[in-house]
Amino acid sequence: MQRLIFESAWDKTIDVKDRQDIITAFEQAKQSGDNQLFIPLCSAINHRRDLLVSVIIQNDTDKILSLQHKTLMYKEGTKPIATQTFHDRRLTIPAKCSMPWTFIFPCSTLKKEPQLEDGHLQVVL
């Protein structure tokens, strides 16, 4: 049974409404049988022009999933927007767990200006 977990810093600081939105997105994905690795939540540009991509990471396997030292690409439709390798050791998701996360793509990694529509993440192999 898939369960939703929050990284400890998120768990302490997340807004009540944001938590509920994440829970709702998680439940909808569970009910629909959506087993994609990244469930999109939202994308935004911060004050430094970095791209913030919030997702729910789903590990529906029986093994620990590590995204530490993995390269991810943010695309809008089929167009690559940004690519970045992430090294955060907190990017380890236990078996049969899902966890929200915000990936930050520095503005220097942007290949083109994001429209913040139809965006998704993928692991670059």
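Mentor: Start with a definition: two strands pair if DSSP finds at least two bridges between them. Keep in mind that this is a predicted model.

Trainee: What makes strand 5 and strand 6 a pair?

Mentor: Seven bridges join them. The cut-off is at least two, so they pair. The two strands run antiparallel.

Trainee: Why is strand 5 called largely enclosed?

Mentor: Buried means under 20% relative accessible area. Five of the seven residues of strand 5 are buried, so the rest of the structure largely encloses the strand.

Trainee: Which strands pair with strand 8, and how do you know?

Mentor: Count bridges once more. Strand 3 and strand 8 share nine bridges and run antiparallel. N59 stands opposite C97 of strand 8 in that pairing. Strand 1 (residues 3-4) joins strand 8 over two bridges, in the parallel sense. Two meets the cut-off of at least two, so strand 1 and strand 8 pair. L4 has S98 in strand 8 as its bridge partner.

Trainee: What is the order of the strands in that open sheet?

Mentor: Four strands, in the order 1-8-3-2, with mixed pairing.

Trainee: Why does one side of strand 1 and of strand 2 lack a neighbour in the sheet?

Mentor: Strand 1 and strand 2 are at the edges, and each has a single partner strand, so one side of each has no neighbour in the sheet.

Trainee: Now the interior. What makes a group of residues a nonpolar core?

Mentor: The members are buried residues of the nonpolar kinds, joined through side-chain atoms within 4.5 Å. The largest nonpolar core here has 30 residues. F38, I57, F103, F105 and L121 touch the most other members. Elements giving two or more residues to this core include helix 2, strand 3 (51-59) and strand 8 (97-105). In general, nonpolar side chains tend to be buried together in soluble globular proteins.

Trainee: Which residues does F103 touch?

Mentor: Residues up to four places away in sequence are not counted. Among its contacts are F38, L51, I57, L72, F86 and L121.

Trainee: What stands out in the backbone of H69 and of K96?

Mentor: Phi of H69 is positive, about 70°, although H69 is not a glycine. H69 is in the loop between strand 4 (65-66) and strand 5. K96 is not a glycine either, and its phi is near 55°. K96 is in the loop between strand 7 (92-93) and strand 8.

Trainee: Buried, partly exposed or exposed: what is R19, and why?

Mentor: R19 has 23% relative accessibility, so R19 counts as partly exposed. R19 is in helix 2 and touches F6, W10, D11 and I14, not counting residues up to four places away in sequence. Its C-alpha atom is separated by 9.5 Å from that of P100, 81 residues apart along the chain.

Trainee: Last, the largest pocket. What lines it?

Mentor: W10, I14, D18, D21, I22, L41, C42, S54 and T102. Helix 2 (16-32) and strand 2 (38-45) are the elements that give two or more residues. Helix 2 gives the most, with three. The space in the pocket is about 170 Å³.

Trainee: How does that lining divide by class?

Mentor: Five residues are nonpolar, two are polar and two are charged. Asp counts as charged, so D18 and D21 carry that label.

Note on methods. Residues are numbered from 1 along each chain as its sequence is written. This is a predicted model: local features need pLDDT of at least 70, side-chain atom pairs count only at pLDDT 80 or more; totals for chains, interfaces and linings use all residues. Side-chain values use heavy atoms; hydrogens and water are left out. On a 1 Å grid over the protein atoms alone, a cavity is a set of points where a 1.4 Å probe fits but cannot get out, and a pocket is an open set with protein on both sides within 12 Å along at least five of seven lines; lining residues have an atom within 4 Å of a point. Grid points are joined across faces, edges and corners, and a volume is the space filled by probe spheres set on the points. Buried means under 20% relative accessible area, exposed over 50%, partly exposed in between (1.4 Å probe, protein chains only). Contact means heavy atoms within 4.5 Å.
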